[in-house]
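The following exercises concern the structure shown below.

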Amino acid sequence: MPDKILLLPDNIANQIAAGEVIQRPASAVKELLENAVDAGATEIKLILQDSGKALVQVIDNGSGMSDTDARMSFERHATSKIQTIDDLFHIRTMGFRGEALASIAAVAQVELKTKRADDDAGTYIEIENSLVKRQELIAMANGTSIAMKNLFFNVPARRNFLKSNAAEMRHIVDEFTRVALSFPQIFFSLIANGQQVFHLEAGSLKQRIIQLLGHTYNAKLVSVKEETDYMNIYGFVGKPETAKKTRGDQYFFVNNRFIKSAYLNHAVMNAYQQMIAGDSFPMYVLFIDLEPTQVDVNVHPTKQEIKFEDEKIVYAFVQAAVKHALAQFSVTPALDFDLDSSIQHLPSVQQPFTEERKSAAASTSIFKGFTERNQAHFIEPGRGAELRNWRDFFESSEPVPKDSFGGGGSRESAVNSLQMNVEKEGDPFTLPDRRAGIHHSRLTIDDSRFTQLHNQFVLAETETGFILISQQAAHERVIYERLGDAMNGAVATTQRSMFPVTVELAQADCVLLEELMSDLQQLGYMIEPFGKNTFVIQGTPADIEQGNEKIIIEKLLEQYKHFSSELKFSKRETLIRSLAKQQAIKPGQQLTEKEMQALVRDLFSCKQTNSSPDGKPTYLEFKTEQLEKMFGR
Ligand SMILES: Nc1ncnc2c1ncn2[C@@H]1O[C@H](COP(=O)(O)OP(=O)(O)OP(=O)(O)O)[C@@H](O)[C@H]1O
Ligand SMILES: [Mg+2]
């Protein structure tokens with residue numbers, strides 16, 4: 001029997017290995033952007049055709065390569081970034097495997113142009129199927145341009161696996177956002193099919209976050225910064241009101257590398273406990289810096305998962321740092337500053353802290369760095385009390401531009417819509433049926449006295465006991481039914497804006513908005529396409545306060561996407577559910593007596609009073625008899 005084992009030709013071996021690194025155009029975007037960052041570029045441009053399927057080109061003004069290096073760079077395991085295995089544990093660069101360019105060259109046609117500052121001429125290389133087709137000298141500016149054309153032209157099965165242009169573009173924007181967030185000092189631009197999508201001037205992290213994640217976060221970011229000898233953390237978390245129903249804007253970077261970590265995400269979520277609804281996700285962009293020896297970045301082909309030497313310390317540190325930051329903008333003065341219970345179970349926490357251990361610990365560098373001021377959960381006296389409740393928090397001292405009202409915008413319009421109803425119905429104290437209160441099949445509610453609890457619930461006395469109303473759930477129900485009626489009746493009244501606002505949207509959102517346009521019109525919105533992914537909002541429903549139109553539309557689209565991915569409702573049903581969710585008053589919003597009366601009256605004139613559109617109770621009823629029993633009477 002002859003022997004059967006053959007060595008695979010290089011180009012096939014490369015193609016197979018490329019599968020791990022280059023799965024879609026976005027993987028090439030990530031690798032090429034990271035190479036440009038590693039090359040010390042201060043300006044990086046990304047050019048795409050056909051969502052990267054036809055072209056991904058990255059142009060940088062970094063170090064460039066010599067002609068030999070240019071050719072070498074496409075060899076597998078060819079890297080200038082590490083030399084020994086030991087170097088792997090001191091990595092400060094994004095790359096280290098020497099695999100990215102070899103992988104790209106195995107599955108696409110590549111053109112490289114590169115020139116170092118010291119060289120008179122640059123090098124041009126054309127490569128296809130891992131084979132160099134052409135190499136020549138060219139005149140060019142310093143830096144490097146790598147163009148990857150026709151991805152998977154030689155692996156049709158994989159090309160067929162690529163998703164729609166919109167889906168691939170989303171992946172690309174995700175990768176671009178991660179790199180651009182982690183290097184705000186670098187200028188980045190993204191041009192897709194000749195149209196500029198991003199133009200990000202070099203600036204601060206805060207500016208970069210707002211450029212990339214949206215103006216909604218303007219004046220809504222809380223700075224996180226803690227330093228110890230062991231590790232540092234810095235970045236921003238969103239104020240609780242900016243938490244979203246989708247897990248969109250959450251970013252962890254370890255030594256500037258974007259990573260996915262459910263464990264650290266849990267640490268942040270824990271820090272937000274009781275400040276946001278259980279089903280919403282806070283925004284964060286957090287950078288953790290620690291000695292490269294304390295992390296292993298080589299555990300996943302895309303480097304997006306890493307292993308910490310001591311994961312529990314990092315968890316405790318992240319959680320405490322975020323809690324500390326949020327405490328500075330104290331929402332609830334009674335925040336719990338205990339470290340998470342899982343930390344309490346650490347052997348080091350459980351064992352008795354003997355004198356011997358105490359002195360050993362005191363001499364470690366981590367202890368020394370962790371002075372009281374540096375300590376993550378140390379709170380400077382007085383700071384928290386300055387902003388004691390939500391209203392102060394909402395009206396924080398930072399100036400809020402009119403078009404970036406964020407979550408607060410919805411408060412204004414929500415409360416406004418309540419006020420509108422108060423005005424419509426006149427002063428409740430002069431209503432003829434005032435003494436009789438609000439009647440609903442089983443309930444008679446005394447409408448002369450409402451109490452708001454924790455800016456979240458409304459307490460009302462009934463003939464037989466009392467009810468506790470969730471202001472948010474109740475208002476959602478009210479808006480939902482009102483919109484439902486409007487959808488089936490005459491077109492709602494529109495108030496024309498004195499200053500029409502333009503809103504620019506991502507491609508996918510434009511398609512969505514166009515789809516919803518006629519229904520939105522029925523509800524009183526007047527929106528017109530203005531070309532180039534832009535829309536003009538000419539008017540809004542009469543009961544919505546003007547000034548936040550842009551945010552309202554953006555948030556509406558976000559909410560709509562959330563609902564349509566999770567629930568199977570008709571387009572109209574999804575739309576009115578989204579609007580109700582987005583316009584309703586939220587917990588933390590203080591209501592006047594009149595607003596409470598309007599809310600309760602509106603709720604009890606709904607067709608269905610006891611649940612919000614998504615099935616949560618709008619109120620709980622407590623009967624005097626039950627209470628008496630509870631008191632043993
Ligand atoms: N834009 C660039 N400017 C200058 N040199 C570059 C550039 N892109 C690549 N190189 C050089 O080519 C080498 C190979 O790049 P490649 O991306 O394949 O590997 P790497 O970055 O070293 O490691 P990894 O596979 O982890 O990305 C790099 O080590 C670097 O020396
Ligand atoms: Mg690389």
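**Exercise 1: Aromatic pairs**

In this predicted model, the count of aromatic pairs comes to 11.

Solution. Next, consider accessibility, where under 20% relative accessible area means buried.

**Exercise 2: A pair across a loop and a strand**

Task: describe the ring pair of Phe 604 and Tyr 619, and determine which parts of the chain it ties together.

Solution. The centres of the two rings are separated by 5.2 Å and the planes lie at 55 degrees, so the pair of Phe 604 and Tyr 619 is tilted. Phe 604 belongs to the loop between α21 (593-603) and β23 (619-623), whereas Tyr 619 belongs to strand β23; the pair therefore ties together parts that are 15 residues apart in sequence. Both Phe 604 and Tyr 619 are buried.

**Exercise 3: Two helices in contact**

Task: determine how helices α18 and α20 are oriented, and which residues meet.

Solution. Helix α18 covers residues 507-522 and helix α20 covers residues 571-583. Their axes are 11 Å apart and pack at an angle of about 70 degrees. Angles of 65 to 115 degrees count as roughly perpendicular, and α18 and α20 are therefore roughly perpendicular to each other. On the α18 side, Glu 515, Leu 516, Asp 519 and Leu 520 take part; they meet Lys 571, Arg 572, Leu 575 and Leu 579 of α20. Sorted by class, this contact has four nonpolar, four charged and no polar residues.

**Exercise 4: The surroundings of Met 269**

Task: locate Met 269 and list its contacts beyond four places in sequence.

Solution. Met 269 is placed in helix α8, residues 262-271. With a relative accessible area of 23%, Met 269 is partly exposed. Beyond its neighbours within four places in sequence, Met 269 is in contact with Gln 250, Ser 280, Phe 281 and Pro 282. For Ser 280, 11 residues away along the chain, the C-alpha atom is separated from that of Met 269 by 9.6 Å.

Methods
Residues are numbered from 1 along each chain as its sequence is written. Chains are lettered from A and ligands numbered from 1 in the order in which they are written. This is a predicted model: local features need pLDDT of at least 70, side-chain atom pairs count only at pLDDT 80 or more; totals for chains, interfaces and linings use all residues. Side-chain values use heavy atoms; hydrogens and water are left out. Axes are lines fitted to C-alpha atoms, for helices over the stretch in contact, and angles run from 0 to 180 degrees between N-to-C directions. Angles under 35 degrees count as roughly parallel, over 145 as roughly antiparallel, 65 to 115 as roughly perpendicular and the rest as oblique. Contact means heavy atoms within 4.5 Å. Ala, Val, Leu, Ile, Met, Phe, Trp, Tyr, Cys and Pro count as nonpolar, Asp, Glu, Lys and Arg as charged, and the others, Gly among them, as polar. Buried means under 20% relative accessible area, exposed over 50%, partly exposed in between (1.4 Å probe, protein chains only). Rings of Phe, Tyr and Trp (its six-membered ring) pair if their centres lie within 6.5 Å; planes under 30 degrees apart count as stacked, over 60 as edge-to-face and the rest as tilted.
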